[in-house]
Amino acid sequence: MQENTSLPITEDRFMKTFKYFKSNKPKPSLKDVITAEKCSDHQVINITANTVIEDPRAELLGLKNLREWQVFTLKKHPGLLFIRNPFTALGQRYWIRKCLEEYPKKPNKLNIDIEITLEDWWRECFRNGECEKQLQKKLRWTTLGYHHNWDTKVYTESNKSKFPEDLAELSDVLAKYLGYSDFTAEAAIVNYYHMNSTLSAHTDHSEVNLKAPLFSFSFGQSAIFLIGGRDKSVEPSALLINSGDIVVMSKEARLCYHAVPKILPAVDSPWDVLDTEIIMPDSKNINFKYISQSEDIMLSMKENIDNKWHRFKDYIKESRINMNVRQVLNENQTSILMQ
Ligand SMILES: O=C(O)CCC(=O)C(=O)O
């Protein structure tokens, strides 16, 4: 992630729009914010494929049948794809819980490491039975796989941990659906936003492979996402992202400036809308590429149906989580050193 502040403010249209949406007084108008609902709008094109090959892994990863997915692109931003919530309610719960209970554990890296090293942040938040809100609010990011180095912006072999199998599998299902047969999830930033959080304008270009798409999965509260051009003189478009939505930055959009100037209260909470009868997926005959123990997923899904869910629900009702997945290496490259 790299910030660029070199443009004179008069030419920095990205910054102007960012400030407009960030403002609390006066509050920005949302009338020009693009939503998938407005797909008849001249700015949005529905590019959902007519024929889709089913993927038996989808259900176990908390995804709806691929035939139900809806994909859009923005006329002004070719390469920027938007998939409108392809997750089931149980799927949303699964990923929210993973981002809170599993991913912020060591050896993964957390923003709070510079202050305090915690083996298990979520467990620590509930060490005394009650939720320690102050510690909970401190978590802003966790990195997985190749850890993004925020100072040098360089990935290294020595700063890497195992990429989670389930997230690799989810990314693989998405990649295959979009026609990227060689995508490998190798790094992720999980971003945690509270109602007043923002993410400033940046491009993601630390990866060796800048041709592979970047997958961005969002859960919880909504957000305004700005997507601009290759420099900040291009006026960005504002897109509303709701829980479950996926944004893909590919091709021309892969290296474009983007930002999150505002978190908005979600109108719906799709993680709450569980079907009355939950039938657990049968994982026996599914061929996974990365997952070795699908029973763990089943167990975790089941736990989300019972009363263990309430702590995660309390968190997500005032937060947004974004999992930002990247391929780092080129095809046939096995290490950063081999370029
Ligand atoms: O939260 C989002 O939607 C975007 C996150 C992002 O741009 C990043 O992690 O690089």
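This is a predicted model: local features need pLDDT of at least 70, side-chain atom pairs count only at pLDDT 80 or more; totals for chains, interfaces and linings use all residues.

Modeller: One term before we start: accessible areas come from the Shrake-Rupley method with a 1.4 Å probe, and for residues only the protein chains shown count as cover. With that, the chain exposes about 16,300 Å², and carbon and sulfur atoms supply 51% of it.

Colleague: How many helices and strands does the chain have?
Modeller: Seven helices and 13 strands. Those are DSSP runs numbered from the N terminus: H or I of at least four residues for helices, E of at least two for strands. The radius of gyration is 19 Å, close to the 20 Å from the globule rule for 339 residues, so the chain is as compact as a globular protein of that length. That radius is taken over C-alpha atoms, and the rule is 2.2 Å times the number of residues to the power 0.38.

Colleague: And what percentage of the residues is buried?
Modeller: 54% of the 339 residues. Buried means under 20% relative accessible area, exposed over 50%, and partly exposed in between (1.4 Å probe, protein chains only).

Colleague: Let's zoom in. Which residues of helix 6 are buried?
Modeller: In helix 6 (residues 294–303), they are S294, I297, M298, S300 and M301. Seen down the helix axis, they fall within an arc of 165°, so they line one face. The arc is that of the directions from the axis to the C-beta atoms.

Colleague: What's on the other side of helix 6?
Modeller: E295 and L299, both exposed.

Colleague: And what covers the buried ones?
Modeller: The cover includes helix 2 (89–102) and helix 5 (165–178). Contact here means heavy atoms within 4.5 Å.

Colleague: New topic: where is L110?
Modeller: L110 sits in strand 4 (residues 109–110). L110 is buried, at a relative accessible area of 2%. Not counting residues up to four places away in sequence, L110 touches P104, W121, L139, W141 and T142.

Colleague: Last one, T35: buried or exposed?
Modeller: Buried, with a relative accessible area of 13%. T35 lies in the loop between helix 1 (13–22) and strand 1 (44–46). Leaving aside neighbours within four places in sequence, T35 is in contact with V44 and L240.

Definitions and conventions:
Residues are numbered from 1 along each chain as its sequence is written. Side-chain values use heavy atoms; hydrogens and water are left out.
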